[in-house]
Amino acid sequence: MKEILINSAFFGVFLCLGAFQLSLIIKKRLKFAIFNPLLISNLLVIGTLLVFDIPYESFENSAKHISFFLTPLTVCLAVPLYEQLNLLKNNLSAILAGLIGGVIGGLLCIYLLSLIFGLNHEFFVTLLPKSVTAPIAIGVSEKLGGVVTITVASVIITGIFGNMCGAWLLKIFRVKNSVAKGLALGAAGHAMGTARAIEMGSIEGAMASLALAITGLLTVIGASIFAMML
């Protein structure tokens with residue numbers, strides 16, 4: 001059985017799709033935030049690999065076909081943004097101010113926490129790009145001398161928590177403006193936060209898509225500056 005799974009060219013694809021579909025069913029029936037499909041599907045995939053003792057390299061090789069669709073999927077996020085172009089123009093100053101403030105705030109939090117917990121420069125720069133999408137985060141981490149594997153893990157954890165808790169936190173702080181909701185989810189939770197914003201509405205999805213792109217660009221610049229502070 002193990003050899004069949006390892007040698008299968010599409011085992012990883014079916015495992016990912018099956019785990020996510022099962023996690024959607026669990027979420028629909030139990031209706032608790034902790035049963036987030038992204039979190040549950042990750043746990044199911046990890047559990048399957050451990051139970052059948054399947055090397056991660058074999059899984060990655062058979063699951064790479066899913067990664068092929070990430071780029072066109074990201075480009076498709078421009079569609080809801082185009083549909084809300086007038087809204088973007090009318091709120092351009094506020095949007096840019098919010099995103100710049102969000103990026104600076106996120107980088108500053110990493111800096112302060114690094115000082116509090118006594119992290120060295122390597123781990124400091126490793127965590128700086130945690131709130132941007134993985135391809136950008138990996139590039140920033142490599143350039144600044146961080147540990148890429150930890151960077152990827154921090155990006156995934158940040159995205160899952162953004163997807164799980166983002167809407168809940170917005171309710172606690174009584175954020176009702178659709179533009180603000182989308183910007184917050186996209187800036188803090190990158191692609192996973194954007195997915196949650198799209199579920200909330202077209203305006204939220206469009207603003208989250210915008211935040212995802214601009215936050216990535218600003219983080220590249222900001223992380224390079226903050227890296228010199230520790």
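Colleague: Where does His190 sit?

Modeller: His190 has its place in helix 12. Helices here are DSSP runs of H or I with at least four residues, strands are runs of E with at least two, and the numbering starts at the N terminus.

Colleague: Okay, and what's its phi?

Modeller: His190 isn't a glycine, yet its phi is positive, near 40 degrees. Most residues other than glycine have a negative phi.

Colleague: Is His190 buried or exposed?

Modeller: His190 counts as buried, at 4% relative accessibility. The cut-offs are under 20% relative accessible area for buried, over 50% for exposed, and partly exposed in between, with a 1.4 Å probe and protein chains only.

Colleague: Before I go on, what kind of model is this?

Modeller: It's a predicted model, where local features need pLDDT of at least 70 and side-chain atom pairs count only at pLDDT 80 or more, while totals for chains, interfaces and linings use all residues. Residues are numbered from 1 along each chain as its sequence is written, and side-chain values use heavy atoms, leaving out hydrogens and water.

Colleague: What's the mean pLDDT of the protein?

Modeller: The mean is 84, and 93% of the residues reach 70 or more. pLDDT is the predictor's confidence in each residue, on a scale from 0 to 100.

Colleague: Where is confidence lowest, and where is it highest?

Modeller: Helix 1 (residues 2-7) has the lowest, with a mean of 61, and helix 9 (residues 121-127) the highest, at 92.

Colleague: New topic: how many salt bridges does the structure hold?

Modeller: The structure holds 1. A salt bridge needs a side-chain nitrogen of Lys or Arg within 4 Å of a carboxyl oxygen of Asp or Glu. Side chains of opposite charge can pair when their charged atoms come close.

Colleague: Which residue does Arg196 bridge to?

Modeller: Arg196 bridges to Glu199, with 3.5 Å between the closest N and O atoms. Both are in helix 12 (residues 178-200), and their spacing of 3 residues is about one turn of the helix. Arg196 is partly exposed at 22% relative accessibility, whereas Glu199 is exposed with a relative accessible area of 61%.

Colleague: How many disulfides are there?

Modeller: There are 0 disulfides. Cys109 is in none, and the nearest cysteine sulfur, in Cys165, is 16 Å away. The cut-off for a disulfide is two cysteine sulfur atoms within 2.5 Å.

Colleague: What about aromatics, how many pairs does the count come to?

Modeller: The count comes to 1 aromatic pair. That's Tyr111 with Phe124, edge-to-face, at 6.0 Å centre to centre and 65 degrees between the planes. Rings of Phe, Tyr and Trp (its six-membered ring) pair if their centres lie within 6.5 Å; planes under 30 degrees apart are stacked, over 60 edge-to-face, and the rest tilted.

Colleague: Which parts of the chain does the pair link?

Modeller: Distant ones: Tyr111 is in helix 8 and Phe124 in helix 9, 13 residues apart. Tyr111 is buried at 17% relative accessibility, and Phe124 is buried at 0%.

Colleague: Which residues form the nonpolar patch on the surface?

Modeller: Leu113, Ile116, Phe117, Leu119, Phe123 and Ile150, with about 560 Å² of accessible area together. That area comes from the Shrake-Rupley method with a 1.4 Å probe, and for residues only the protein chains shown count as cover. Patch members need over 30% relative accessible area and no salt bridge; nonpolar side chains (Val, Leu, Ile, Met, Phe, Trp, Tyr) are joined within 5 Å, like charges within 9 Å.

Colleague: Which helix gives the largest share?

Modeller: Helix 8 (residues 92-117), with 3 residues. Ile150 comes from helix 11 (residues 148-172) and is partly exposed, with a relative accessible area of 32%.
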